[in-house]
Amino acid sequence: MGVRYGDEMIVVDAGMGFPEETPYGVDISIPDFSFLEEYRDELTAIILTHGHEDHIGALAYILRKFNLPVYSSRFTLALAEKRLDEFEMLDDVLLHRVKANDIVEIGSFRVEFIHASHSLVECFSLAIHTPAGTIIHTGDYKIDDTPVIGKPYDLATLERIGSEGVLALLCDSTNATVPGRTPSEQAVIPAFQEIFEETEGRLFVSTFSSSLHRLQIIFDIAHEYGRRVCVLGRSMLKNVEIASEQGLLKIPHNTLIDLGDSRALDDDEICYLVTGSQGEMRAALWNLATGIYKGMQIEKGDTVVLSARIIPGNEKNISRLIGHLYKRGANIIEEKRRLVHVSGHASQEDIRIMVETVKPKFVVPIHGEYRMLFRQKEFIKNHIAGYDDDNIILIENGEILEIGEHSTQIVEKLEIFKTFIDEESMEEIEYETVRERKKLAYGGAISLVITLDKQSQKLVGEPIISFQGVAGIDPLNGFAAEARETVVKAINDMTPQQIADRPVFKENLRIQLKRFLQKEISSKPVIVTSVVEL
Ligand SMILES: [Zn+2]
């Protein structure tokens, strides 16, 4: 999100997304930042509200295009630094560490960082003070009165800013469909105590590696019940390391153990904290469940706790993961059966507290699908006095909302594309490549090799045609021979000038072959033609 006043613009968060349907080998997408080109000279800073991937995952990519100073908490920046380091960009970027209640002056903007509670730690809501008025950007939040790590949401600061007058509240909608209050991070403690109490075999707990309150609870309860904790999975190890270095995660003495030493312990003396709660292949839990983890696997008698919600789009993978775990004889504890997970986002009554504390002139629901934005609007309209269609504004990605003292207006709609990221190299993949992959996936490919005599430009021998992944082809029924005849006839029908003009020649052959295939097998493979001269 860009926030602009006069000829200055700051950017709030730069996250990556995970397309619900994996388009042909692409698991990660980021915004296409080219829409910001128009404002290149106006951009002054990037502010990160917190360290989740959907808020910082695109930082390296946006900084490559626009090298701006970045402001955020020590913990968020430590996460960002790891990633920037992988891209060898650390020396070229300016990172400013800020604390809750800090106010940073950036041109005409005064950005006030407000301590927010969420499933992660050191998160901010922002008060963006401008000459035109103050905007509150909630970031991701819930109003947690008793978080495990850190203080409750700083409602006092919010109230003070509210009393000074707030022009617009940009408010997290992720849980706007959920009635009531979001339970505190502490709400999962009783269920975990019971699980540790009653489990006799090995215990595996899988959660998001960024859910630091949850990790703290597991370390504490494991210590209480005499189990050591072994952390498995790259992102989990990284987050535990950073958070304990910074004193945010307090690991009880003699609790953390490495994989090698953990093997010498009895089954009731160990708890494995593992990545992969979303059924991600390649994550530790998937590998343990399918027997490809280094020398260890889930066995009969193990208990596996899935301490996370199902992120929409991951249902199938999680279901397959659970199938594998059952096959190995594990006992599985999910969110549906015990309170082993709470959300990090504001439910309807948290949203009510937010709106009533800030008392903004305008509310703009943000974060989440359109359905959730809509439901936030409906909830506020129906339950909080003074808000209606005129002052709750629904906007979509790409829309530019102009907020004035008395009214708002959508002044422009930009088309915002996605840029896909290759998960192996973490580099950008062009949109054309994804389109090509899609075509290949649906129709397969045909490669056609034509050999021509250099002097006469006449066909030498027969064209070579090979098929990859093309449906409806039987190699024995003469189909390939007919396809070859079609190509030979097409070449014979062409003038020497047409043959000499290679692009025209190739395109002609492609069209003829395509017509033949459509008639014979109704399929549209990608056709790749090569010409060899002898
Ligand atoms: Zn978040």
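Predicted model: local features only at pLDDT ≥ 70, side-chain atom pairs only at ≥ 80, totals over all residues.
Good morning. I begin with E299, which is partly exposed at a relative accessible area of 41%.

E299 forms a salt bridge with R202, and the closest N and O atoms of the two are 3.9 Å apart. This pair links distant parts of the chain, 97 residues apart: E299 sits in the loop between helix 9 (284-289) and strand 15 (303-306), while R202 sits in the loop between helix 5 (189-198) and strand 12 (203-206). Is R202 buried or exposed? R202 is buried, with a relative accessible area of 10%.

Across the whole structure, a search finds 28 salt bridges. One of them pairs K65 with E428, with 3.5 Å between the closest N and O atoms. Because K65 belongs to helix 2 (residues 59-65) and E428 to strand 21 (residues 428-429), this pair ties together parts that are 363 residues apart in sequence. Both ends are partly exposed: K65 has a relative accessible area of 31%, and E428 has 30%.

A further salt bridge joins the side chains of R97 and E81, at 2.7 Å from N to O. R97 is in strand 6 (residues 95-97) and E81 in helix 3 (residues 74-86), 16 residues apart. R97 is partly exposed at 47%, and E81 counts as partly exposed at 22%.

Let me now turn to helix 4, which spans residues 155-164. Its buried residues are T157, L158, I161 and G162. On the face turned away from the buried side, helix 4 carries the exposed residues A156 and S163.

What covers the buried residues of helix 4? The cover includes strand 8 (109-116), strand 9 (123-130), strand 10 (133-137), strand 11 (166-172) and helix 11 (348-358). Just after helix 4 comes G165, with a positive phi of about 105 degrees.

Strand 11 is itself mostly covered, with seven of its seven residues buried. Strand 10 and strand 11 run parallel and are joined by three bridges. I136 stands opposite L169 of strand 11.

Finally, the surface. V460, V532 and L534 make a nonpolar surface patch of about 240 Å². V460 lies in the loop between strand 22 (445-452) and strand 23 (464-468), and is partly exposed, with a relative accessible area of 32%. Thank you.

Technical notes:
Residues numbered from 1 in each chain as written. Heavy atoms only, no water. Patch = residues over 30% accessible without salt bridge, like charges linked within 9 Å, V, L, I, M, F, W, Y side chains within 5 Å. Areas by Shrake-Rupley, 256 points an atom, 1.4 Å probe, with all protein chains shown as cover. Salt bridge = Lys/Arg side-chain N within 4 Å of Asp/Glu carboxyl O. Helix = DSSP H or I, 4+ residues; strand = E, 2+ residues; numbered from the N terminus. Buried < 20%, exposed > 50% of the residue type's maximum accessible area, 1.4 Å probe, protein only. Contact = heavy atoms within 4.5 Å. Pairing = 2+ DSSP bridges.
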